[in-house]
Amino acid sequence: MGGTMDEGEQRPKLTTGGLVAVGLGNALAFYDLIIFSVFAVQISKVIYPPGDPATELMLTLGTFALGFLTRPLGAVVIGRFGDRKGRKPAMLLSFSLAGTAVLAQALVPPYAAIGIAAPLIMLALRMILGFAIGGEVGPSTAYLVECAPPAKRGTIVSVQFATQEAASLVAGIVGFVLAGMLSAAALEAWGWRVAMGIGALIVPFGLWARSRLEETLHVAQAETDSVEEHGRSPGRLALLGFIMISSATVATYGLQYLNTYAQRQLGLPVQEAFTATIFYGLAAVIFNLGGGWLSDRYGRKPVMIGGMAVLALGLLPAFVLLNASPTTLTLLLVSFTLSIPNAIGPAAAVVGLTEALPPRARSANLAIPYALGVAVFGGSAQFIIAWLLKATADPLAPAYYVTAIVLVGLTAMAMMPETAPVRRKKA
């Protein structure tokens, strides 16, 4: 994208501390999301009315899905706030809300103590968290784009995704350790609360680190509007972004469901099931960064399309293998292998979308389609997968669903403009 500003004078230097400060916000939000997901079986038995285990689980996953409904509202409110008042205050606001919700969830009394109030309180907290996360992505991604040199934007912005997946990795490790240390009864009664409380420990440090960031709103105000310069329609970009993000988020939450799938469908022990989350997170952290690096060198479109195409081709064979050989080793192999293309593709897609959007409204214009895509498709992904498994009794149902959504996303990726400086120079 164009840039008429004197970058040496106006673009803040992106320090390691700045990357950590931005990354902590994403890490906290996604750590909690993953913890709620991987402990869904245990939470369902404590917070929700007793009954059929499958119904309990679907109520928990339904709460998980409903918590995504407030993401678009958070994207509009906090995203626009970030475009008007600055990226830094917007990131402080979203982080404060997320931290409060994470801590409060760990303290919700059980259904046995307060009845129907327990699931209602949990739902309210999930919605507050959804509001915060909806407003987190736009300002924080805009901050990274505005700090990073254009030739390194892919690598820098991929830190966003790497921290999200690092949270998944840490969540998996926490779950694995707790499952090994505690009895099934203790894990159900209070072990998941400990896991959530661990996430809240980074809140004070995160607020301090973000308070020390330099503002970057002036960078967006000084940049040439790439939409006017290249004739791109913001509405068309928003629609394509919505489809790409919807596809990527279904793939992500579908793969993260492997933990629950291993427990409920394959009958693996809880501790062994948590290893799926660990291996998924490990591969994703490495290959998110690799995807950003590759997109700086070869372009956004080849990397995003290549990654998601490989994922689409691999999903069905992977689930066939899982069911033919339902062992921990097979679970680890599938989790690690599928997470590689799923990590590479979305990083390049979000960088390309951010670069193509109007700089002065970058925070909101990224946050809104991102939040809508995640709210409509990401939040419902695990619920739909659980429903499909119950309704069809077909163990391959998750592969069919995720593959179909990924193919739709690939169509949108093919229609995106190429924004990587290396590709535009060749053109």
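Since the model is predicted, local features need pLDDT of at least 70 and side-chain atom pairs count only at pLDDT 80 or more, whereas totals for chains, interfaces and linings use all residues.

Let me start with the helix pairs. Two packed helices are described by the angle between their axes and the distance between the axes. Here the helices are DSSP runs of H or I with at least four residues, numbered from the N terminus, and the axes are lines fitted to C-alpha atoms over the stretch in contact, with angles running from 0 to 180 degrees between N-to-C directions.

Helix 2 contributes V22, L24, G25, L28, D32 and F36 to the contact, and helix 6 contributes M91, F95, A98, G99, V102 and Q105, where contact means heavy atoms within 4.5 Å. By class, the contact of helix 2 with helix 6 has 8 nonpolar, 3 polar and 1 charged residues; Ala, Val, Leu, Ile, Met, Phe, Trp, Tyr, Cys and Pro count as nonpolar, Asp, Glu, Lys and Arg as charged, and the others, Gly among them, as polar.

Let us stay with D32 of helix 2. Is D32 buried or exposed? D32 counts as buried, because its relative accessibility is 1%, and buried means under 20% relative accessible area, exposed over 50%, and partly exposed in between, with a 1.4 Å probe and protein chains only. The side chain of D32 makes a polar contact with the side chain of Q105 at 2.6 Å; such a contact is a pair of N or O atoms within 3.5 Å, and within protein one must be able to donate a hydrogen and the other to accept it, while residues adjacent in sequence count only if both atoms are side-chain atoms. Leaving aside residues up to four places away in sequence, D32 touches V102, Q105, R126, L129 and M196.

Now to helix 19, residues 362-392, which crosses helix 8, residues 117-147, at roughly 135 degrees, with the axes coming within 8 Å. Helix 8 and helix 19 are therefore oblique to each other, and their crossing is right-handed. The residues of this contact divide into 8 nonpolar, 4 polar and 2 charged.

Helix 19 also meets helix 4, residues 53-66, with axes within 7 Å and a crossing of roughly 160 degrees, and that makes helix 4 roughly antiparallel to helix 19. Helix 4 passes helix 19 in a left-handed crossing.

Finally, two loop residues. A393 lies in the loop between helix 19 and helix 20, and its phi is near 55 degrees, a positive value in a residue other than glycine. Most residues other than glycine have a negative phi. A393 is exposed, with a relative accessible area of 62%. E418 sits in the loop between helix 20 and helix 21, where its side chain reaches the backbone nitrogen of A420 at 3.1 Å.

Definitions and conventions:
Residues are numbered from 1 along each chain as its sequence is written. Side-chain values use heavy atoms; hydrogens and water are left out. Angles under 35 degrees count as roughly parallel, over 145 as roughly antiparallel, 65 to 115 as roughly perpendicular and the rest as oblique. A crossing is left-handed if the near helix is turned anticlockwise from the far one by less than a right angle, and right-handed if clockwise.
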